[in-house]
Amino acid sequence: MNPFESKLSCLLRTAAFLQIGIAILNLFLVRLLGWRADLQRVPLLLKEVFQVHAWFISVTLLIFGTITWRFAGVLAANSDPIGRWLAAGVGGFWALRAVLQVVYYSSSHWRRNPHRTMAHILLLAIYGGFATTYFAAAFARPPEGGL
Amino acid sequence: MRGSTLTGLVQIAGILHLGLLVAGGSMAKAVRFREQTAALPPFLRQLFFVYMAFIGLVLAGFGLLTFFFAGEIARGEPLARGLCFLFTLFWGLRLVVASFVFDVRPYLTTPLYRLGYWATNAVFVYLLAVYAFASCRGGVL
C-alpha cells in the first residue's frame, strides 16, 4: 500500500467509526431532542413510519460504516469496480446531505443560538468531510512521485 | 445453482428495489403524507422529508449496485459478499418491521392497495433470500 492509499485508508476508517457513532446517536434523536410530544400529533402510522425511517437510516449508516471499516484497504486502493461505485455512491449520499444542511433546513433553526450554530457548522464539516473522503476513494489518484 | 442463474436472480433483485421506490411514493400519497405532517414543527417536518428522500436514495443506490454488479455478486467476490451480508440484515429487519410493527389495515381500503401491500412483502422475502444465498457463497468474509 503506497502512502496515499495508507492515508486514505486511515481517513476511511475514521469516517467508518464516525458513521457508526452517528447511526447510534440517530436512534436516540427523538428522546434527545424532546420530539415525543410533537410526534403524538400525527396519526399512528405516520409516527411509525418516522420511527422506522429513523431506524433504517441508522441501519444504512451501520452498513456504510461496517463495509468501510472491513474493506478500507480495498476502497483506498481503488482496485475493485464495485468498491469504486460504492465509494462514489456513499460520497454522493453525504455530499447531498451537506448541501441539504445549507439549502433545505431553515437557518432560523440555529441562528442566534450559539450551541445550535456550532452544531450546524460541525455537522456541515463532518458531512463534507465524509463526502470528500469517499470521493477521494472513488476518483482521486496520487500525483506522480507520491503523496 | 449455476452462476448465470444467480446473476439473473440478483439482477431481478436490483430491479425490484426500483419497484419498492414506486411503492414508497404511492404509500406517501395513500396516507396523505403532506397533510398529515402539517401539524408538526417545521424542523421535525423537514426531517421527516429528509429521511424519506434518503431512504429513497439508498434504495436506488442498492438497486443500481445490485443490478450492475450482479456478476461480481454471483461470483462471490469478497466486497460484493460483504455487501450482500449487510443487505441481508437490512431486508431481514425490514421484513420483521413489516410483520410486527406496522398496522396498515385501516389504509388497505382498495383491492389495489391490498395487492400492493402483499406484493411488497413478497419482494422483501425475495430480496432477503437472494442476498442471503449470495452472501453464503465462498469462504469466510
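Q: How many residues does the contact take from chain B and from chain A?
A: This is a predicted model, so keep that in mind throughout. Looking at where the two chains touch, the count from chain B is 34 residues, and from chain A it's 34 residues.

Q: Which element gives the most to the side of chain B that touches chain A?
A: Two elements of chain B give two or more residues to that side, namely helix H3 (42-68) and H5. The one that gives the most puts in 14 residues, and that's H3(B).

Q: How do the residues on the side of chain B that touches chain A divide by class?
A: Sort that side of chain B into nonpolar, polar and charged residues.

Q: Are H5(B) and H6(B) roughly parallel or roughly antiparallel to each other?
A: Take helix H5 (residues 78-100) and helix H6 (residues 111-136), both of chain B: their axes come within 8 Å and cross at roughly 150°. Angles over 145 degrees count as roughly antiparallel. So H5(B) and H6(B) are roughly antiparallel.

Q: Is the crossing of H5(B) and H6(B) left-handed or right-handed?
A: These are the two chain B helices whose axes cross at roughly 150°. As H5(B) passes H6(B), the crossing is left-handed.

Q: What classes of residue make up the contact of H5(B) with H6(B)?
A: On the H5(B) side you'll find, among them, Phe85(B), Trp91(B) and Leu95(B), while H6(B) brings residues including Phe124(B), Leu128(B) and Tyr131(B). Arg81(B) and Arg94(B) are also part of the H5(B) side. By class, the contact has 13 nonpolar, four polar and two charged residues.

Q: What pattern does chain B follow along the sequence?
A: Chain B has six helices and zero strands. Its C-alpha atoms fill a box of roughly 50 × 35 × 25 Å along the principal axes. Read along the sequence, the pattern is α-α-α-α-α-α.

Q: How many helices does chain A have?
A: The C-alpha trace of chain A spans about 60 × 35 × 20 Å along its principal axes. Going along the sequence, chain A reads α-α-α-α-α-α-α. With zero strands in there, the helix count is seven.

Q: What share of contacts in chain B, between residues at least 6 apart in sequence, join residues at least 24 apart?
A: Chain B has 141 residues, and buried ones make up 29%. Now take its contacts between residues at least 6 apart in sequence: the share joining residues at least 24 apart is 86%.

Key
Residues are numbered from 1 along each chain as its sequence is written. Chains are lettered from A and ligands numbered from 1 in the order in which they are written. This is a predicted model: local features need pLDDT of at least 70, side-chain atom pairs count only at pLDDT 80 or more; totals for chains, interfaces and linings use all residues. Axes are lines fitted to C-alpha atoms, for helices over the stretch in contact, and angles run from 0 to 180 degrees between N-to-C directions. Helices (H or I, at least four residues) and strands (E, at least two) are DSSP runs, numbered from the N terminus. Angles under 35 degrees count as roughly parallel, over 145 as roughly antiparallel, 65 to 115 as roughly perpendicular and the rest as oblique. A crossing is left-handed if the near helix is turned anticlockwise from the far one by less than a right angle, and right-handed if clockwise. Two residues are in contact if their C-beta atoms, placed from the backbone, lie within 7 Å. Ala, Val, Leu, Ile, Met, Phe, Trp, Tyr, Cys and Pro count as nonpolar, Asp, Glu, Lys and Arg as charged, and the others, Gly among them, as polar. A residue is buried if 20 or more other C-beta atoms lie within 10 Å of its own, exposed if 12 or fewer, and partly exposed in between; C-beta atoms are placed from the backbone.
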